[in-house]
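I open this notebook to keep track of what I look up, entry by entry. Each entry takes one topic in turn.

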Amino acid sequence: MKTTIAVAKGDGIGPEIMASVLRIFEAANVQLGYEYVEMGKSYFDAGHSTGMTAAAKETIERLGLLFKGPMETPKGKGVKSINVTARKVWNTYANQRDFRSLNGVDTVFSKAGIPINLTIIRENIEDTYGGIEHLLTNDVAVGRRIITRAGSAQVIRYAFEMAKRKGYTKLACGHKANIMKLTDGLFLETFYEIAKDYPEIESSDIIVDDLCMKLVSRPETFQAIVLTNLQGDIVSDLCAGLVGGLGFAPSANIGDNISIFEAVHGTAPDIAGRGIANPTALLLSGILMLRYLGLTTAAANIENALLYTLEQGIHTGDFGDKATASVNTEAFADTIISNLGQVPAQGAVVAQPDVAVEIKHDRPAVNKITATNTAVVEELVGADIFVESDLQPTEIAEIAQKKLNDKVKLVMISNRGTQVWPTGSIFTELVNEYRIRVEKTDGGEISQKEAFQIAADISDDIKVCSVEFLMKFDGKIGYTLAQGQ
Ligand code: NAI
């Protein structure tokens, strides 16, 4: 029985490249059925606040797999990106992007004879992409960076499984845990925890700035890298640049129930409607999807035809030898179709036996909640009270101390994360938002209500912007110290 998938053509160049890719699929006798869904800019314009119709949502949730063209999110209307929303609401926690050198796509590395073949796995839901941001004062904006044990475990386990499937021998974790000790620290800790289950894969970690430097100087030394969302976003575009640009960057958004396959690039409004877009990235995403569905023979057949076509120097206007004429989207697709059955001189793909893969799309009765260790002993030890003020640090300390009782003490005041009281430097420049850290006195105990009461008392004299509790988990402190503390 044919698997049926949901297809959204997208906006801008989306319909042009999607039509070409599906034409190639048909010519290669890909055994898939398609249900087209209504998503994208025109559906925002028609008043659907999520950019899709209820029927589209129902179809995607029923079929479990969406193949999509790029989509435009209207600017300045306060709506969230449909692409990010789709990845988040359907919990496609792993974003896989494969990058490889392609013959016919010249880069500095291909010219130097250095082959690139690496995969970036980017966490796809958490991090700053929660978009939870607040202006605390007119001058100070803050964003919440959410990294969870459950979310990290999902994407990291996927990365190890992917590495195993692809026959990779190593997997690196990119991070900035030296600075973001709790958020990236949690991601890194989870990485090494899960690595224990995969002794056959060499696991290592690398600080993300060092990673960027090494990727541009020695990309051939990497096989697979797993990163948090924002760092993964940036590093994967860097990798796209290494292999010839966004026109060659496919992506799979994998979840346990629903997955989305799309190109990394956007709607290319500057060339939309002209029939000249490069369909390669969407075709490569389609090939990833065929493999995901177990249709490996068709995937290999199409990939070989694409590689052969590129080797012949056939190119759309955005890449390739400027001395030879470019072809348009349709002609590019036609050439790939006529090259089905051809084998490229370099990098030919050997088809693995087809394995029928059933897309899981059971409808859960309730939202799944994951808490990893409910036996952890939690202890409230204090609070960080964020206030708006342009007073000097000592004046803030005086006001705060007047509001405290013998259960709590003032331990530190910081500004932009730098300690300014009890000690600090007169050269530290300040903004009008301070953090007042209070902790319970030795042997004492405070409740959340008491901590809130202290903040409420302080708010009689200084505007309170927010309150964050200081917690210990099994005796380990769950907050960072200020710089200089
Ligand atoms: P873009 O990727 O659409 O375009 C950047 C540049 O690359 C343009 O010069 C464009 O002509 C070129 N380009 C992109 N894809 C191409 C292709 N297949 N063939 C030939 N040239 C290509 O990025 P931009 O301009 O920042 O975004 C445009 C719109 O796309 C925005 O509304 C954005 O929100 C949306 N977008 C959607 C994405 C998605 O659906 N996953 C991802 C990125 C952007």
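Is G69 buried or exposed? I find G69 buried, because its relative accessibility is 0% (buried means under 20% relative accessible area, exposed over 50% and partly exposed in between, with a 1.4 Å probe and protein chains only).

I note that this is a predicted model, in which local features need pLDDT of at least 70 and side-chain atom pairs count only at pLDDT 80 or more, while totals for chains, interfaces and linings use all residues. Residues are numbered from 1 along each chain as its sequence is written, and side-chain values use heavy atoms, with hydrogens and water left out.

I then placed G69 in the loop between strand 3 (65-68) and helix 4 (82-89); helices (H or I, at least four residues) and strands (E, at least two) are DSSP runs numbered from the N terminus.

Next I looked up aromatic pairs and found 8 of them, where rings of Phe, Tyr and Trp (its six-membered ring) pair if their centres lie within 6.5 Å, and planes under 30 degrees apart count as stacked, over 60 as edge-to-face and the rest as tilted. The F191 and Y192 rings have centres 5.1 Å apart and planes at 75°, so I record this pair as edge-to-face. F191 is buried at 0% relative accessible area, whereas Y192 is partly exposed at 32%.

I also noted a tilted pair, F261 and Y292, with 5.4 Å centre to centre and 55° between the planes. This pair links distant parts of the chain, since F261 is in strand 12 and Y292 in helix 10, 31 residues apart.
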